[in-house]
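Subject: Handover of a two-chain model

Dear colleague,

I am passing the structure below to you for your records. Please look through it before reading the notes that come after it.

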Amino acid sequence: MSNGTSSSMATVWAILRKECRSEWRTRYGLNAAVLFAVTSLTAVTFAAGRMPDQPEMLSALLWITLLFAALSSMSHAFVREMEGRTLLMLRLVASPTEIAVGKLLFNLLFLCVVEAITVPLFMVLTGAPPLRLPQFLTILGLGTLSLAASSTLVGAVIAQTRSRGALFAAVSLPLLLPVLASGVSGTRAQWDGMPIASDARLLAAYAVALFGVSLLLYDHLWED
Amino acid sequence: MLWRWLIFVWIAATMVVALLSAPLVPVLQETTRVLYFHIPSAWVTVLALGWSMINSMLYLIRRDLRNDDHAAAAAELGLVFCVVATVTGSIWAKSMWGSWWNWDPRETSIFFVLLIYGAYLALRASIEGEEKRARLSAIYSILAFVAVPPLMFVVPRIYSTLHPDPIINGSGKIDMDPMIRWCFFSMLLGFTFLYTWLQSLRVRVSRLERRLAT
């Protein structure tokens with residue numbers, strides 16, 4: 001048993017490394033997401049001006065920018081396999097769950113990079129008041145987990161439809177609306193100096209539920 | 001055949017009793033009456049979406065297309081009843097809160113449910129091949145149902161809302177006038193049977209469609 005677990009850990013690790021390498025070679029997804037985040041931030045701050053004293057606007061804008069930047073390229077992980085016709089090869093060497101978990105970890109990493117670029121830029125461009133880091137990172141981290149879990153599963157489903165990438169944002173976004181709502185409310189609360197416990201609890205519950213269900217469903221992603 | 005008429009008579013009779021002779025709740029006044037449509041629709045929504053999720057799971061286990069018919073029909077009907085609950089709620093909000101739509105946590109969460117299942121139907125429409133469609137939509141339907149309990153039951157209890165206390169409230173008992181309670185549960189039963197009938201109808205239609213296609 002322990003041998004089997006360690007070998008699937010090795011497979012997951014190998015898939016994660018493969019994902020990182022092929023992303024690094026083209027930087028297609030990362031470029032798209034970062035460019036999207038930067039241009040939408042520019043558009044927003046240019047249109048609305050700096051607003052250091054409006055936490056409710058700031059938190060909404062931050063989450064919308066993050067969510068759309070992520071959704072603009074997160075279906076890529078699976079669509080790339082379909083377009084390159086490499087999925088069959090991948091499935092010969094790994095089980096569906098291993099593939100999906102590897103892609104999930106890659107998506108998490110990808111989101112962290114996008115956030116590490118977007119959030120500081122957002123702070124500078126909008127002149128937002130300083131963040132209360134522990135609270136903010138809790139909300140952001142939990143939101144990122146839900147985002148990664150849902151986009152991995154939905155991305156794998158969408159890659160098999162007729163329209164491939166086109167439908168991804170439309171189908172993912174409704175599932176992520178609860179994350180957006182409590183993420184915005186938690187971010188606003190940390191700027192206002194209010195407790196974030198109820199938002200964090202809701203986000204955590206949602207993330208855990210998405211993760212649990214995803215793990216059960218990965219096996220059914222592809223037909224033999 | 002006969003029980004279809006029974007449902008009709010049952011709901012019509014309850015409606016007459018509820019609208020003519022049941023008393024009004026002090027704060028809600030005349031708007032009490034919306035309760036007989038609003039809550040049963042919301043209940044049927046959860047029931048239908050749950051049934052869709054159960055059938056999606058059964059499909060993934062057994063790979064029987066009849067389960068997929070049930071899952072799709074239940075999601076469609078859940079969406080229809082969700083629209084009824086949203087519209088009746090909105091009408092009630094107009095007379096109690098003074099505006100049709102105010103992004104109260106209750107309104108927000110039911111709207112999210114509408115969007116999620118709208119996306120489910122959009123996804124179904126974009127997949128070619130029966131079995132692939134059944135399998136992929138089953139996956140999405142199960143994932144979608146993860147959002148339903150938090151949205152329908154948790155959000156309204158965490159965030160402050162102006163919505164009247166849910167039936168299963170903090171005190172754990174039902175504070176209703178006996179007459180209202182009688183009408184309410186009778187309507188709940190009527191709506192449940194109405195849903196079962198519509199569900200069987202929709203499933204039969206999908207089965208016939210499949211037979212015609214092959």
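Predicted model: local features only at pLDDT ≥ 70, side-chain atom pairs only at ≥ 80, totals over all residues.

Chain A

Chain A is built from helices, with 9 helices and 0 strands. Along the sequence its pattern reads α-α-α-α-α-α-α-α-α. Its radius of gyration is 18 Å, close to the 17 Å that the globule rule gives for 224 residues, so chain A is as compact as a globular protein of that length. Taken along the principal axes, the C-alpha atoms of chain A fill a box of roughly 55 × 35 × 30 Å. Buried residues account for 44% of the 224 residues of chain A. Of the contacts in chain A with a separation of 6 or more, 84% are between residues 24 or more positions apart.

In helix H4 of chain A, which covers residues 76-83, the buried residues are A:His76, A:Ala77, A:Phe78, A:Val79 and A:Glu81. Just after H4(A) comes A:Arg85, which takes a positive phi of about 50°.

Is A:Glu56 buried or partly exposed? A:Glu56 has 14 C-beta neighbours inside 10 Å and therefore counts as partly exposed, since a residue is buried only if 20 or more other C-beta atoms lie within 10 Å of its own, and exposed if 12 or fewer do. In sequence, A:Glu56 and A:Asp192 are 136 residues apart, while their C-alpha atoms are 9.1 Å apart in space.

Chain B

Chain B has 6 helices and 0 strands. From the N terminus on, its elements run α-α-α-α-α-α. The radius of gyration of chain B is 19 Å, which agrees with the value near 17 Å that a compact globule of 214 residues would have. The box filled by the C-alpha atoms of chain B, taken along the principal axes, is roughly 60 × 45 × 30 Å. Of the 214 residues in chain B, 37% are buried. Among contacts in chain B between residues at least 6 apart in sequence, those that join residues at least 24 apart make up 77%.

One pair of helices in chain B is described in more detail here. The axes of helix H2 (residues 35-62) and helix H6 (residues 178-213) of chain B come within 9 Å and cross at roughly 45°. H2(B) and H6(B) are therefore oblique to each other, and H2(B) passes H6(B) in a right-handed crossing. On the H2(B) side, the residues that meet H6(B) include B:Leu35, B:Tyr36, B:Trp43 and B:Leu47. Among their partners in H6(B) are B:Phe184, B:Met187, B:Phe191 and B:Tyr195. The residues of this contact between H2(B) and H6(B) divide into 13 nonpolar, 2 polar and no charged.

Where the chains meet

How many residues of chain A are in contact with chain B? There are 25 residues of chain A in contact with 25 residues of chain B. On the side of chain A that touches chain B, helix H7 (133-158), helix H8 (168-192) and helix H9 (197-217) of chain A each supply at least two residues. H9(A) gives the most to that side, with 8 residues. The residues on the side of chain A that touches chain B comprise 17 nonpolar, 6 polar and 2 charged.

With kind regards

Conventions. Residues numbered from 1 in each chain as written. Chains lettered and ligands numbered in written order. Contact = placed C-beta atoms within 7 Å. Helix = DSSP H or I, 4+ residues; strand = E, 2+ residues; numbered from the N terminus. Nonpolar A, V, L, I, M, F, W, Y, C, P; charged D, E, K, R; others polar. Axes fitted to C-alpha atoms, helices over the stretch in contact; angles between N-to-C directions. Parallel < 35°, antiparallel > 145°, perpendicular 65-115°, else oblique. Left-handed = near helix turned anticlockwise from the far one by under 90°. Rg over C-alpha atoms; globule rule 2.2 N^0.38 Å.
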